[in-house]
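Subject: Structure for you to look at

Dear colleague,

I am handing over the structure we talked about, with the sequence and coordinates shown just below.

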Amino acid sequence: MDLNLLAAIVFGGALIGVVLLSLFSKGAGGRTNAGTNKSEQEGGDILFIDCDDTLYRNENWEVAKMITENIEAYVTDKLHLPSGKAYELYKKHGTALRGLQMEKIDFDLDDFLKTVHDLPDAKKYIKQDAALRDMLNSVSVDKWVFTASTREHATNCMNLLGVARCFSNPVIDVRAAKFNTKHSPECYKHAMRIANVREASQCYIVDDSWSNIKTAKEMGWNTALVGLKSRDGKDATKYPHADHVIADLKELPRVWPHLFRDESKDSKQLSNGTTVKKRKSSKGKRRKAD
């Protein structure tokens, strides 16, 4: 055989082998960056923030009372169940909605969710909060709104607060959690799947519900309880399932400073003494929560 022909065959075979090896390493056998997010690649932490009475605070739980009244009215007026049945379902199943489902009570799911979250007066109690917006924008880790209500209701609250653009990820809501309540471990498993996080120790949750905090803690999550007192006046500061108890969400950088950007490192000082902040990139892809 001609030596030149033999050399060409050997070289061509080696080149094909290199190409195949490269394709294999980028495929199922050795996937690198494709299809992974920061939490998988770098073991990054994830912050989950509840909506009602956490993103915003009402001194007397006015918005929560409106939702409770809507649920009671729906259960009694539309479903013709006895007065107090909604509260009974809530106490037994974690939410009245879950109770209706578990007890096989016939109702229109979409109509229920739309009706009970119809809150035209919410704007009286949820106002623009520039300090909250600044705090949320300083979060350095992936963050999600994680609520037992609907995505539409949470988005409305975020718009009223002026913080909707602080979140690049969609809301993890009751539908995304397959209607599991936040009293159930399954709800937190769904949240972890959606956020693409493997380890519970990477999860940080802020919530006003003692029961939700208890379940999250039992799941191995890091917990911060919002509100120094419960609705019935109990002292929250010694609640054993909360790693931290804060009066307001804006206190979060004090208890979990490692989840926030160090603003001093994001600015530079000019020769005349003027401090100029560096521009932050707004790049990022939204992920589906359903």
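Strands E1 and E3 (residues 203-207) pair in the parallel sense over four bridges, where two strands are taken to pair if DSSP finds at least two bridges between them, and Tyr204 of E3 is the bridge partner of Leu47. Helices (H or I, at least four residues) and strands (E, at least two) are DSSP runs, numbered from the N terminus.

Before going further, please keep in mind that this is a predicted model, in which local features need pLDDT of at least 70 and side-chain atom pairs count only at pLDDT 80 or more, while totals for chains, interfaces and linings use all residues. Residues are numbered from 1 along each chain as its sequence is written, and side-chain values use heavy atoms, with hydrogens and water left out.

The sheet. Five strands form an open sheet with parallel pairing, in the order E2-E1-E3-E4-E5. E2 and E5 (244-246) stand at its edges with a single partner strand each, so one side of each is left without a neighbour in the sheet. Neighbouring strands are turned by 20° against each other on average, direction ignored; for such angles, axes are lines fitted to C-alpha atoms, for helices over the stretch in contact, and angles run from 0 to 180 degrees between N-to-C directions. On the E2 side, four bridges join E1 (residues 46-49) to E2 in a parallel run, and Ile49 stands opposite Val145 of E2. Within E2 (residues 142-145), Asp142 and Trp144 point one way and Lys143 and Val145 the other, yet all are buried, a term that means under 20% relative accessible area, with exposed over 50% and partly exposed in between (1.4 Å probe, protein chains only). Helix H10 (residues 210-218) lies across E3 and E4 (222-226), running at about 170° to E4.

The helices. H3 (residues 62-78) and H6 (residues 109-116) pack at an angle of about 140°, with their axes 9 Å apart. That makes H3 oblique to H6, given that angles under 35 degrees count as roughly parallel, over 145 as roughly antiparallel, 65 to 115 as roughly perpendicular and the rest as oblique. The contact (heavy atoms within 4.5 Å) is made by Ile67, Asn70, Ile71, Tyr74 and Lys78 of H3 together with Asp111, Phe112, Thr115 and Val116 of H6. In H9 (residues 185-195), the buried residues are Cys187, Tyr188, His190, Ala191, Met192, Ile194 and Ala195, and just after this helix Asn196 takes a positive phi of about 60°.

The loop between E1 and H3. Most residues other than glycine have a negative phi, and most peptide bonds are trans. Against that background, Asp53, which is placed in this loop, has a positive phi near 65°, and Trp61, found in the loop between E1 and H3 as well, has a positive phi of about 55°. Asp53 counts as buried at 2% relative accessibility, and Trp61 is buried with a relative accessible area of 18%.

His93. This residue lies in helix H4 (residues 85-93) and is buried, with a relative accessible area of 18%. Not counting residues up to four places away in sequence, His93 touches Arg98, Gly99, Met102, Glu103 and Thr181. The C-alpha atoms of His93 and Asn180 are separated by 9.7 Å, although the two residues are 87 apart along the chain.
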